[in-house]
Amino acid sequence: MSTERNAAVDLPADGLVAVVKADCPTCRLVEPVLAALPQVTVFTQDDPGFPAGIRDRRDDTALDTSLALEVETVPTLVRFAGGRETGRIVGWLREEWQEFTGVGGLGADLPEYRPGCGSRTLDPDMAEELLVRTRGGSLRSRRLEIAALEDEVEALYDRGFSDGLPVVPPTPARVLRMLDGTSRRPDEVVAVVPPNLVEATVEKVAINAVLAGCRPEYLPVVLAAVEAACTDEFNAHGLLATTWGAGPALCVNGPIRAEIGMNWAGNALGQGNRANSTIGRALQLVIRNVGGGRPQEVDRAALGHPGKLGFCFAEDEEGSPFEPLAQSRGVPAGRSAVTVFAAEGPRGLADQISRTPESLARSLAQGLRSVCHWKLPGGFDASLVLCPEHGRTFREAGWDRARLHRELDELLLLDRAEITRGAGGIAEGVPAGGSARPIPKFRPGGYMIMHAGGGAGMFSAIVGGWAGGPGGSAPVTREVDPWR
Amino acid sequence: MAVNDPIVILDPTDESAADSRTALERPTSLDGLRVGLLDISKARGDVFLDRLAELLAERGITVRRYAKPTFTKPMPPDLRREITTHCDVVIEALAD
Amino acid sequence: MHDFAALEGRGVIAAFLASTQFVVAASAQARALGYREVPAVFVPHPIQDRTDSEVRALADAALAEIIAAVTRSGQGRR
């Protein structure tokens, strides 16, 4: 018990203090006992007229004193000496009360023992209010009022906080509960968010995570995602401002996937899993609300895609023929991480016949080649999400991720004659002339391979990206644990 | 919390915008905009709006006229749909 | 006021005309709907018992303010 807190609520420096509530049978039982004590200050949690016969009876219906004393049970009897607490008892035990108060014969006609009742500060219906009262002061964001006649969901649309789907009103209590998901302080800066280059605090990210529908345990992933997306390499500003339609996507690795119930199995890239759906959405809402990146404003996408509401999934590490993506990108094994990458909507790639890794790799290469334009090399990044039934072929052949990359790199060397402007009757392409050497479809490191999906279906997915590398966007991986 | 207490939320933005709802950004003039006059159906309001329509017409602004079935209730959805489809600007009159 | 909120919420610029009798009520409604201020134009109360020519004169007098309420020229005054 800190003396500062005692000072704030005006407790006597010396003597006895009791905390009671009329709703508690034990408190009512000891009513005459309290009245019989020569000197006691009684704080009452519910009925200010209870207990009777007390000279120094104080109204604690606001529970300030009960909170300051950290009362969990009523009745509680506390002794102060020289401004410090020197002892405390709870409930009713005759002998204990007699000894504690030094008053003999106390409550002689009462039963010897009755347990106390729960303090009102622990009532579930008080929890929300007390949470805000005790910790709301740590929140720095501007308070906005939704007026009495406004529908709160409509009000959040009207104020422009939504991506088009309903958002959860970020009340102080919800934001405080969200902040329980991290040990970081609310005022810590997570990142400087483009396009307006606004510092996003842990609190601002938590508010947007509430809007998005996240649970508190998702918050560390959201924080790591915001950190990753706001790096110079990822270049969220460029990705937003381009007329190309890609947006940020997230792939989550490590133990946190299972801890927060993410989906990496059937429909991993689709709807239906709260963590997958809301983590990606929270990142996009941070970019919208904190960074100011809104469609038809700084977001200049000609078309965009539905995954720009939020695109997040977990990698299937357990069933993967490869080491986890994050590990291939430098994160130590067994650690949780999130990788952000530029993504269009995923497009299925069927191959139900290939039984050799060589044949299957050729199919995958053809799919990857179509990203951006079949005749355009070198510019755009991409991702390949390998489904388990395709992954099996590579596992059985002993191909690891690096081997598949090497084979695909070979298969994705484009013949200049095929891609020259005008070739195939298509004006688009690379300018004629120059060297006759084949041109790689992707820049070095310009595509990632991930593993996810349901156990049945020989359907992988190609996810187009955006201009890769300096001037464009490169995937960025950040560990989650520092944000827990 | 009382039923009519406002709900307090925390601002998810960079806090550069006004903290209450604000009316839409206004155009510099009414030129070329579709203007509607909405009669809330209180006595004498039609006379006022007739004159207002004349005055606007003198300034080259033609208006569409609408009337609520009753001033005692918000406009019905079909009227709202009609107005939002056909008007950029609406002047609602006349509460007395 | 509800009509104002419904229209503006759907992208239609709206203004609201009332007699001076409604100044307090309109402002209370506006606050209840989350607006601090609303583009309203108030004409002298009463309306209902006036002659046609009196009502027309009120419209003449209010015109500039009505146009200001729905255009940028009025934004400084709201």
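Helices, such as the one described below, are DSSP runs of H or I with at least four residues, numbered from the N terminus. The model is a predicted one, and in it helix α9(A) is followed by G213(A), whose phi is positive, near 95 degrees.

Helix α9 of chain A spans residues 202-212, and eleven of its eleven residues are buried, so the helix is largely enclosed by the rest of the structure.

Chain A as a whole holds 18 helices and 22 strands. Its radius of gyration is 32 Å, well over the 23 Å that the globule rule gives for 484 residues, so chain A is more spread out than a compact globule.

| Property of chain A | Value |
|---|---|
| Box of the C-alpha atoms along the principal axes | roughly 105 × 50 × 35 Å |
| Buried share of the 484 residues | 47% |
| Share joining residues at least 24 apart, among contacts between residues at least 6 apart in sequence | 75% |

The contact between chains B and C takes 31 residues from chain B and 41 residues from chain C. On the chain B side, β4(B) gives the most, with seven residues, and that side divides into 19 nonpolar, four polar and eight charged residues. Strand β4(B) also pairs with β1(C) (residues 13-19) in the parallel sense over five bridges, where E92(B) has F16(C) as its bridge partner.

Methods:
Residues are numbered from 1 along each chain as its sequence is written. Chains are lettered from A and ligands numbered from 1 in the order in which they are written. This is a predicted model: local features need pLDDT of at least 70, side-chain atom pairs count only at pLDDT 80 or more; totals for chains, interfaces and linings use all residues. Helices (H or I, at least four residues) and strands (E, at least two) are DSSP runs, numbered from the N terminus. The radius of gyration is taken over C-alpha atoms; the globule rule is 2.2 Å times the number of residues to the power 0.38. A residue is buried if 20 or more other C-beta atoms lie within 10 Å of its own, exposed if 12 or fewer, and partly exposed in between; C-beta atoms are placed from the backbone. Two residues are in contact if their C-beta atoms, placed from the backbone, lie within 7 Å. Ala, Val, Leu, Ile, Met, Phe, Trp, Tyr, Cys and Pro count as nonpolar, Asp, Glu, Lys and Arg as charged, and the others, Gly among them, as polar. Two strands pair if DSSP finds at least two bridges between them.
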